[in-house]
Amino acid sequence: MVILCFVVLLTLCLFLCLQLALGHGARRLHISTAYRAKAKVSMSRFEPTSFISYEKLQSNIDIVRKRLNRPLTLSEKIVYGHLDDPHNQEIDRGRTYLRLRPDRVAMQDATAQMAMLQFISSGLPKVAVPSTIHCDHLIEAQVGGPEDLARAKDVNHEVYNFLSSAGAKYGVGFWKPGSGIIHQIILENYAYPGVMLIGTDSHTPNGGGLGSICIGVGGADAVDVMAGIPWELKCPKVIGVKLTGTLSGWTSPKDVILKVAGILTVKGGTGAIIEYHGPGVDSISCTGMATICNMGAEIGATTSVFPYNHRMRTYLKKTGRAEIAAVADEYSDLLVPDQGCEYDQIIELNLDELKPHINGPFTPDLAHPVSEVGAAAQKNGWPLEVKVGLIGSCTNSSYEDMGRAASVAKQALDKGLKCKAQFTVTPGSEQIRATIERDGYSKILGDVGGVVLANACGPCIGQWDRRDVKKGEKNTIVTSYNRNFTARNDANPATHAFVTSPEIVTALAIAGTLNFNPETDYLTTPSGEKFKLEPPNGDELPSRDFDPGQDTYQHPPADGSSLKVDVNPQSNRLQLLEPFDKWHRNDLENMQVLIKANGISWVVVGDDNYGEGSSREHAALEPRHLGGRAIIVKSFARIHETNLKKQGLLPLTFSNPSDYDKIRPDDKISIRGLKSFAPGKPLTAVLKHSDGTEETLQLNHSFNETQIQWFQAGSALNRMKEMQH
C-alpha cells in the first residue's frame with residue numbers, strides 16, 4: 001500500500017511538473033497514455049477491429065501547428081489531422097490541394113451503383129477503409145410506408161441484389177431498404193467527433209452535428225478512398241458563424257441555417273467549411289446541429305461542423321457509444337477551435353433575436369420570417385393555400401423533431417381540429433420509426449391527418465407519386481426538407497415549395513395557408529372558439545433507450561473472395577464498365593456546341609454554379625460516354641467539377657465571364673494548349689463562327705498535376721490501373 005501511494009504521488013508530481021513546463025495548451029500525454037494503449041475504442045459496433053485513432057490526429061495537428069505557427073480552427077484541426085503527409089503538404093486556404101486520408105466512406109444506393117462498378121473495375125480485392133451502402137433513394141412514396149417499401153423491393157430487386165452481393169464480396173456493410181436515410185444512419189452509428197468521412201451524397205455534412213468533418217463527393221472519389229489512395233480536396237477556407245443567445249419558443253435549429261442561407265445565398269459558402277462556435281451552440285441539441293450542417297449544402301459549403309460539447313456526449317451515450325464519448329472527452333481539446341484562431345469571414349447570430357423562418361419558393365436562400373411570408377405571397381402571386389405539408393427527411397427527422405411536431409398536432413387534436421392540407425411524415429431511420437411509434441408520436445401525427453411514409457428519402461428527392469394536382473397546376477407545398485428548386489419534389493415546375501422547420505410545417509398544414517403566423521394568429525375550433533397554439537416542445541432524446549426496430553444491417557463476411565457479384569448480362573439497369581479512351585496527345589479541334597451523341601466530339605457551354613444540386617456522377621459519365629470532351633462555364637459546383645475531372649472531361653471557366661455571350665449555338669470550338677497543359681496555366685478556346693469569322697477566348701482551370709494525369713489517361717480509374725502495373 002505504501003509503495004502504491006508513493007507511485008501515485010510520484011505520478012501526480014510528474015503531471016504537475018509537466019503542466020507547469022508545457023502549459024495547459026499542451027496535449028495531456030500524462031497518466032493515461034499507458035492505459036489508452038490497452039483500451040482501444042472501435043469506430044462503430046459493426047466494425048470491432050477498426051479503431052478510433054485520436055493519437056494520429058493529435059500527431060498530425062502538432063506537426064501542422066508547428067509549421068504554420070498559429071492557432072487552428074476546428075475545421076483545420078480535423079482536416080489537417082487527416083493529411084497524408086503533414087510534414088510536407090503545402091497548406092494555403094482556398095488555393096492548394098490537400099491529399100487526405102479519410103477514415104471511412106458511405107454511399108447511398110443511387111450513387112453506390114456506379115461507385116461499386118468502378119471499384120470492381122479497379123481489380124482490388126477489398127476496400128481499404130470501413131465503408132457502407134445505404135438503400136434509401138429508390139423508394140417512391142405512393143400510399144404509405146409498408147406498401148411503398150414492398151413495391152420498391154420488387155421494382156429494384158436487381159439493384160439491391162447487386163449492391164448486397166458487391167458489398168459482401170468487397171467488405172462493405174449493407175443497410176437494406178427500409179433501414180433509413182443514409183445521413184441519419186451515419187449520425188446514429190458512424191459519425192463521431194473528429195472523424196473524417198466522405199459520402200456519395202451532397203448532404204453528407206449532416207454528420208457535422210456530431211463534430212465530424214463529413215463531405216459529399218462523387219462515386220469516383222469514394223473509389224479512391226476505398227482503394228487506399230489519398231483523396232484530394234482544395235484546401236477549404238473557413239467561415240465562422242458565432243452564435244450567442246438561446247433558442248426558445250417557435251424558433252428552432254432549422255431557423256439558424258435558413259437565416260444563414262439568406263445571408264450567404266446559394267453560392268456564398270462555396271469552397272469553405274462553415275464552422276459554428278460561440279456560447280449559443282450549447283442551446284442546440286446534437287440532432288439540431290446536424291440539421292444546420294445538413295442544409296449547409298444549399299449554400300455551396302464544402303461541409304459544416306460544430307465543436308464537441310455535452311450535447312454530443314449525451315447523444316453518443318444514448319445511441320450506445322459511451323466508450324466513444326469517454327475518449328472524446330479525453331481528447332476534447334482536439335475537438336474545439338484553438339483560442340485566437342482566425343476565420344476568413346465571420347457571421348454573428350443572436351439566437352435570442354432569431355425568429356422562425358420559411359425560405360422559398362424555388363430557391364433555399366430566399367428567406368422570410370414566418371410572420372412576413374403571407375404578405376410576400378400575396379404581393380408576388382404565390383398560392384396562399386397549402387396543399388401538402390411534409391415533415392421528415394434527412395434534414396429534420398430526429399426524435400426531437402417528431403416530438404415538437406407532435407406537440408403542435410396534439411394541441412389541434414385536443415381542440416377538435418385536423419390538418420386542412422395533406423400531411424406526410426418521413427422517419428429518418430428504422431430506429432426513429434420504431435421509437436416514435438412506441439412513444440405515441442406516430443399516432444398523434446396520424447390522428448391529425450398524417451400518413452407515415454417509408455424510412456427513406458421519398459418526396460425530398462422527388463420520389464413522390466403525387467396525384468392531387470396536375471402537372472403545370474400552380475400550388476404551394478411546405479416541407480421540412482433542404483432543397484426546393486423548381487420541380488425538385490414532385491416534378492411539377494408550377495409547385496411553389498417552401499422549406500421550414502417541422503413544427504412550422506405542422507402548424508401551416510393545420511391552418512391550411514401560408515398566411516398564418518403561429519406566434520400571433522388564432523385558429524378556430526369546430527364550435528367557433530378561437531385559440532392560439534402554444535410554442536412546441538419535445539424531448540431532445542427519448543427518456544427510455546431508443547427502440548432499434550427491425551435489424552436491417554448485413555455484415556460483410558470476413559472473407560468474401562469466393563463470392564460472386566450479381567450483375568445480369570441482359571440487365572437494362574446495370575453494366576460492368578469499359579475504360580474510356582486516353583487523350584490522343586493533340587488539342588481538341590472543331591467541337592460542336594451541343595449535348596447529343598452521333599460519335600461527334602462536343603462541348604457544353606453553361607452559366608454559374610454548373611452542376612449544382614447533386615453528387616451523382618452520371619451527369620459526368622453520360623456526357624463522356626456520348627462524346628463530350630469539355631464543359632465551359634462561368635463557375636462550377638464543387639462536386640460536379642471533380643466528377644468531370646475524374647471521368648476525363650475538361651471543366652473550364654471563362655477568364656472573362658462576359659465571353660459567355662460571344663459563343664453562338666452553331667459554333668465549332670477548339671481547345672488549344674493541351675500539349676503544355678499545366679497547373680495554373682490557362683488554355684485557349686478558338687471559336688469558329690458559321691460566317692467564317694473566328695474569336696479567341698482565354699479559359700481557366702483548377703487542375704493540379706495529379707488531375708492532369710487523369711485527363712491524359714482518359715479517366716481517374718484508368719490512371720489507377722496504370723499505377724498498378
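These notebook entries record what I looked up in the predicted model of one protein chain.

**Basis.** I worked from a predicted model, in which local features need pLDDT of at least 70, side-chain atom pairs count only at pLDDT 80 or more, and totals for chains, interfaces and linings use all residues. Residues are numbered from 1 along each chain as its sequence is written, and side-chain values use heavy atoms, with hydrogens and water left out.

**Overall fold.** I found 22 helices and 28 strands in the protein chain; these are DSSP runs numbered from the N terminus, with helices being H or I of at least four residues and strands E of at least two. The radius of gyration is 26 Å, close to the 27 Å of the globule rule for 725 residues, so the chain is as compact as a globular protein of that length. That radius is taken over C-alpha atoms, and the rule is 2.2 Å times the number of residues to the power 0.38. Along its principal axes, the C-alpha trace spans about 85 × 80 × 50 Å.

With contact meaning heavy atoms within 4.5 Å, 74% of the contacts between residues at least 6 apart in sequence join residues at least 24 apart.

**Helix α16.** I then turned to α16, residues 430-438, where Glu 430, Gln 431, Ile 432, Ala 434, Thr 435 and Ile 436 are buried. The buried residues of α16 pack against α8 (182-189), α15 (399-414) and α17 (441-447).

**Aromatic pairs.** I counted 17 aromatic pairs, with rings of Phe, Tyr and Trp (its six-membered ring) pairing if their centres lie within 6.5 Å; planes under 30 degrees apart are stacked, over 60 edge-to-face and the rest tilted. Tyr 399 and Tyr 441 form a tilted pair, 5.1 Å centre to centre with 40° between the planes. Tyr 399 belongs to helix α15 and Tyr 441 to helix α17, so this pair ties together parts 42 residues apart in sequence. Tyr 399 is buried at 4% relative accessible area, and Tyr 441 is buried at 13%.

I also examined Tyr 610 and Phe 636, an edge-to-face pair at 6.1 Å centre to centre and 90° between the planes. Tyr 610 sits in the loop between β23 (602-605) and α19 (618-625), and Phe 636 in the loop between β24 (628-633) and α20 (638-646), 26 residues apart. Tyr 610 counts as partly exposed at 24% relative accessibility, whereas Phe 636 is buried at 8%. Elsewhere, I recorded one aromatic cluster formed by Phe 46, Trp 175, Tyr 190 and Tyr 553.

**Backbone details.** I found a cis peptide bond between Gly 360 and Pro 361, with omega about 0°; Pro 361 lies in the loop between β12 (357-359) and β13 (367-369). Ser 393 is not a glycine, yet has a positive phi of about 80°. I located Ser 393 in the loop between β14 (386-392) and α15, and Ser 393 counts as buried at 0% relative accessibility. Arg 585, likewise a residue other than glycine, has a positive phi near 70° and lies in the loop between β21 (553-554) and β22 (588-593).

Methods
Buried < 20%, exposed > 50% of the residue type's maximum accessible area, 1.4 Å probe, protein only.
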